[in-house]
Amino acid sequence: MEELHSETQQAEPDPLPAPKIIGLTGGIGSGKTTVAQYIEDFGFPVYYSDDRAKDIVNENDDLKSKIKELLGSEAYDENGLYDRKFVAEKVFNNDDLLEGLNGIIHPAVRTDFEDWVKAQKKYLVFKETALLFELKLNQQCYKSILVTAEDNIRMKRVMDRDGKTYREVQAIMEHQMPEKEKIKLADCIIYNNTNLEDLKEHTEKIIFDIE
């Protein structure tokens with residue numbers, strides 16, 4: 001029998017375990033994006049669902065056709081780019097259109113996210129999305145993190161940041177899931193009622209406590 005020499009036997013490397021997916025969400029003015037940036041500073045990858053959705057609606061021809069069929073050709077401007085203002089106004093008070101639009105965009109984002117996860121090397125990856133609980137995406141995550149703040153603080157931040165009126169911000173907040181409902185669903189909660197130093201410290205503690 002021919003002997004096998006140890007130098008010719010190369011063990012297959014163990015495959016890396018699949019990373020744990022952590023959902024990150026927060027209502028308007030909560031500081032969700034700032035927390036996501038801190039998470040990246042700590043060395044963990046973040047998938048920005050809302051930003052990717054903005055790209056995908058311009059990159060995917062099949063999506064373009066479906067969106068135009070649902071909302072009309074005006075959903076894209078003269079340069080062929082997604083007209084966010086038109087679409088937002090179209091679906092703002094029309095739940096059927098909003099549900100139809102989500103039904104087109106979110107499956108494409110989900111596929112894009114799954115491909116992204118496969119390329120990651122860290123043991124934790126973060127999925128940032130405004131609709132984590134509304135779309136029950138938290139059920140696909142190992143843990144969920146909610147960034148929240150008192151309503152009056154969130155409202156002032158958005159008014160200062162975006163130049164919106166009180167009533168405009170109030171209307172947006174009323175269309176989002178109430179904070180008390182999100183708090184019940186979240187595994188971890190980051191309260192952002194004070195300053196950025198406290199926010200970063202709180203974020204760091206929660207991230208590195210995840211097992």
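Take Arg 161: does it count as buried or exposed, and at what relative accessibility?

Analyst: Arg 161 counts as exposed, because its relative accessibility is 55%. The cut-offs are these: buried is under 20% relative accessible area, exposed is over 50%, and partly exposed lies in between, with a 1.4 Å probe and protein chains only.

First, the ground rules. This is a predicted model, in which local features need pLDDT of at least 70 and side-chain atom pairs count only at pLDDT 80 or more, while totals for chains, interfaces and linings use all residues. Residues are numbered from 1 along each chain as its sequence is written, and side-chain values use heavy atoms, with hydrogens and water left out.

Now the partner. Arg 161 makes a salt bridge with Asp 162, and the closest N and O atoms are 2.9 Å apart. A salt bridge here is a side-chain nitrogen of Lys or Arg within 4 Å of a carboxyl oxygen of Asp or Glu. Asp 162 counts as partly exposed, because its relative accessibility is 38%.

The whole structure holds 15 salt bridges. One of them joins Glu 128 to Lys 32, with 2.5 Å between the closest N and O atoms. This pair links distant parts of the chain: Glu 128 sits in strand E3, Lys 32 in helix H1 (residues 32–41), and 96 residues separate them. Glu 128 and Lys 32 are both buried.

Another bridge involves helix H6. Arg 154 meets Glu 179 in a salt bridge of 3.7 Å, N to O. Arg 154 lies in helix H6 (residues 151–162) and Glu 179 in helix H8 (residues 179–185), so the pair ties together parts that are 25 residues apart in sequence. Both Arg 154 and Glu 179 are buried. Contrast that with Arg 161, which counts as exposed at 55%.

Step back to the whole chain. Its secondary structure comes to 9 helices and 5 strands. Along the sequence the pattern reads β-α-β-α-α-α-α-β-β-α-α-α-β-α. The C-alpha trace spans about 85 × 45 × 30 Å along its principal axes. The chain has 211 residues, and 39% of them count as buried.

Val 57 lies in helix H2. Val 57 counts as buried, because its relative accessibility is 1%. Gly 100 is in helix H5. Gly 100 is partly exposed, because its relative accessible area is 24%. Its C-alpha atom is 9.8 Å from that of Lys 66, 34 residues away along the chain.

Last, a strand and a loop. Gly 23 belongs to strand E1 (residues 20–26). Gly 23 counts as buried, because its relative accessibility is 0%. Gly 23 and Ile 145 are 122 residues apart in sequence, yet their C-alpha atoms are 6.0 Å apart. Lys 136 occupies the loop between strand E3 (124–128) and strand E4 (143–148). Lys 136 is not a glycine, but its phi is positive, at about 60°.

Note on methods. Helices (H or I, at least four residues) and strands (E, at least two) are DSSP runs, numbered from the N terminus.
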